[in-house]
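Open the model in your viewer and keep the selection tool ready. Each stop below gives something to select and tells you what is there.

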Amino acid sequence: RELEHGEALLEGMLHADVVGFHAFDHARHFLNAAKRILGLTYESLAGGLIGVRHRGTKILVTVSNVSVETDIIDALLVFPSVEEESAFLKKKHEGRSIIAAIDVAQRLSGVSLKLLAFERLLTDYPVWQSQIVLLQRCLIPATRRVDEADTLREVRSLVQRIQTRFGHNVIDYEEQVGSVLPIDQRLAIWTAAHVVMHTPIRE
């Protein structure tokens, strides 16, 4: 099977310096497609990398497996700070299903669009107004100050509008300076949540 615009897609990908995949099978399919559709060959390079030559340029093909260290996570889950904060959030929002989100306060994180979608959900399906809560945490890394200021202004306005219209209990909103939420706080949120929502416009 082949996509209608497979050749154009491959050409586009091969304009990058590095093409990365999560699993070797994905890289193998890419290399096979490049050979079958474009007639390209590949070579093994030092360090376990693979190189594809295209239009006089060598493109690196990498495989980077990402995994969750379950032993570490299991150990952290029983930390008092995780258990206490998780229990606090569950108690605070008792009777409601928790939709949790942790995002950087920048436009491409999609926070504003998520809030607009949440507002639409509460508008179109009033039955959920008393049954769910959006637990939203916004991180402020101070790396793109203008973008962050604009995003925060929009997000705060949307949060206020939604809470004014549907009540304060539908959104639990907090901001935190920094690019990462400490792992115990993240685990507490994830274990308390019924749904984790991640909606970036672009990763």
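Select α6 and its buried residues: they pack against α5 (111-124), β6 and β7. Contact here means heavy atoms within 4.5 Å. Helices (H or I, at least four residues) and strands (E, at least two) are DSSP runs, numbered from the N terminus. This is a predicted model, where local features need pLDDT of at least 70, side-chain atom pairs count only at pLDDT 80 or more, and totals for chains, interfaces and linings use all residues. Residues are numbered from 1 along each chain as its sequence is written, and side-chain values use heavy atoms, with hydrogens and water left out.

Stay on α6. Which of its residues are buried? Among them are Leu-152, Val-155, Leu-158, Val-159, Ile-162 and Phe-166. Buried means under 20% relative accessible area, exposed over 50%, and partly exposed in between (1.4 Å probe, protein chains only). An α-helix has 3.6 residues a turn, so residues three or four places apart point the same way.

On its other side, Val-146, Arg-153, Gln-160, Thr-164 and Arg-165 are exposed. Step past the end of the helix to Gly-167, whose phi is positive, near 105°.

Next, select the strands. β7-β6-β5-β8 is the order of an open sheet of four strands, with parallel pairing. β7 (171-177) and β8 (195-196) stand at the edges, each with a single partner strand, so one side of each has no neighbour in the sheet. Strands pair if DSSP finds at least two bridges between them. β5 (residues 97-104) and β6 (residues 132-140) pair in the parallel sense over eight bridges. Pick Ile-99 and look across: Leu-134 in β6 stands opposite.

Bring the helices back. α6 (residues 145-166) lies across β6 and β7, at about 160° to β7. α7 (residues 183-192) lies across β5, β6, β7 and β8, at about 150° to β5. Axes are lines fitted to C-alpha atoms, for helices over the stretch in contact, and angles run from 0 to 180 degrees between N-to-C directions.

Last stop: Phe-21 and Phe-30. Their ring centres are 5.4 Å apart and their planes at 45°, so the pair is tilted. Rings of Phe, Tyr and Trp (its six-membered ring) pair if their centres lie within 6.5 Å; planes under 30 degrees apart count as stacked, over 60 as edge-to-face and the rest as tilted. Phe-30 is buried, with a relative accessible area of 5%.
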